[in-house]
Amino acid sequence: MLEQVAFFVVAVVMLLAAFRVVTATNLVHTVLWLGVTLGGTAVAFILLEAHFLAAIQIILYTGGVLTLMLFGVMLTQRQQGVTTVGNPSHHLPAGFVLAAAVFAMLAGAIFRTPLPNAVAQGSNTRALGVAFLTEHVLAFEALSLLLLGAVLGAIVIARRRDAGDESEIAGPAIPARRKLEIGGSR
Amino acid sequence: MGLIGYLLLAAGLFSLGVFGLVTRKNAVGVMVAVELMANAVNLNLVAFSRFHGGNTGQVFALFSIAITVAEVVVGLALVILLFRARGDVTLDLASELKE
């Protein structure tokens, strides 16, 4: 009973926060609302008895991804103090129709599928650790290589090139800030 | 209740992510919407793991979380590069390859 109440509260908070994530005009607010949604997911993981994943969710998402996103927002501001570049009023009806269609499709599939109802016993962090280092050890190691590659790749991509290092830049920089032609070639 | 509630919640989050993906103009906003969708998928994996009586779903969710983090790192590097090259990150304006 208590679990169901908790689930409903978390679900409502998550959906409202997710709605604000996609509608807020200030991008900093968008990222902060995303933090609420991701934190709600961590609570849902706890309700699902996935305690280890809840901790990982908070450390990686709410700690890492959110900080990165805030850096991304703040490093790509055009003018000081102006963060209202989210500009969500773009294809709004099309987006609404598409989202409603996707939800209808998913909900139809959910209601038509016979769902399993077995419940795993208790917290299983130990079993999870054993599974990672025995059955899934190859994927686990490959994942560490992927993360290393992603970090190095990000540094190489985003590195600021020195002025004397012209040979690495292919051609002149693209002319910045062209006006958007409304109804132009799509 | 049980599994179906979690699946509907994840479906709602995923649909909102689709909405954000279509309506956002800013590259960072699009990435946030993608995060929302990935998060909904993780929730689904963990819910299935719980109500299926195994922990393979949790293993998958953990891999998925790590891969999403890698995606965010590379994506933000590309966004910053786009900003450096053009001065803004409005995706509709970055259409040089079309012309």
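**Close-up views of a two-chain helical model**

**View 1. Helix H6 of chain A against helix H3 of chain B.** Helix H6 (residues 137-158) of chain A packs on helix H3 (residues 56-86) of chain B at an angle of about 10 degrees, and the axes are 8 Å apart. Axes are lines fitted to C-alpha atoms, for helices over the stretch in contact; angles run from 0 to 180 degrees between N-to-C directions. Helices are DSSP runs (H or I, at least four residues), strands are E runs of at least two, and both are numbered from the N terminus. From H6(A), the contact includes A:Ala139, A:Leu143, A:Leu147 and A:Ile157. From H3(B), B:Phe63, B:Ile67, B:Val74 and B:Leu81 are among the partners. Contact means C-beta atoms, placed from the backbone, within 7 Å. The contact of H6(A) with H3(B) holds 19 nonpolar residues, one polar and no charged. Nonpolar covers Ala, Val, Leu, Ile, Met, Phe, Trp, Tyr, Cys and Pro; charged covers Asp, Glu, Lys and Arg; the others, Gly among them, are polar.

The model is predicted: local features need pLDDT of at least 70, side-chain atom pairs count only at pLDDT 80 or more, and totals for chains, interfaces and linings use all residues. Residues are numbered from 1 along each chain as its sequence is written, while chains are lettered from A and ligands numbered from 1 in the order in which they are written.

**View 2. Helix H3 of chain B from end to end.** H3(B) has 31 residues. Its first and last C-alpha atoms are 44 Å apart, close to the 45 Å expected at 1.5 Å a residue. The expected span is 1.5 Å times one less than the number of residues. B:Gly87 follows H3(B), with a positive phi near 90 degrees.

**View 3. The surroundings of B:Ala38.** B:Ala38 sits in helix H2 (residues 27-52) of chain B. B:Ala38 counts as buried because it has 22 C-beta neighbours inside 10 Å. Buried requires 20 or more other C-beta atoms within 10 Å; 12 or fewer is exposed, and in between is partly exposed. Leaving aside neighbours within four places in sequence, B:Ala38 is in contact with B:Ser64 and B:Thr68. B:Ile67 is 29 residues away along the chain, with its C-alpha atom 10.0 Å from that of B:Ala38.

**View 4. The two H1 helices.** The axes of H1(A) and helix H1 (residues 3-23) of chain B come within 9 Å and cross at roughly 5 degrees. H1(A) and H1(B) are therefore roughly parallel. A:Phe7, A:Met14 and A:Phe19 are among the H1(A) residues that meet H1(B), whose residues there include B:Leu9, B:Leu13 and B:Phe19. This contact of H1(A) with H1(B) has twelve nonpolar, four polar and no charged residues.

**View 5. Chain A and its side facing chain B.** Chain A has six helices and zero strands. Of its 186 residues, 22% are buried. In all, 79 residues of chain A are in contact with 66 residues of chain B. H1, H2, H3, H4, H5 and H6 of chain A each give two or more residues to this side. By class, the side has 58 nonpolar, 17 polar and four charged residues.

**View 6. Helix H2 of chain A.** The 21 residues of H2(A) should span 30 Å at 1.5 Å a residue, and the end C-alpha atoms are 30 Å apart, which agrees. Just after H2(A), A:Glu49 takes a positive phi of about 65 degrees.

How values were computed:
Contact = placed C-beta atoms within 7 Å. Parallel < 35°, antiparallel > 145°, perpendicular 65-115°, else oblique.
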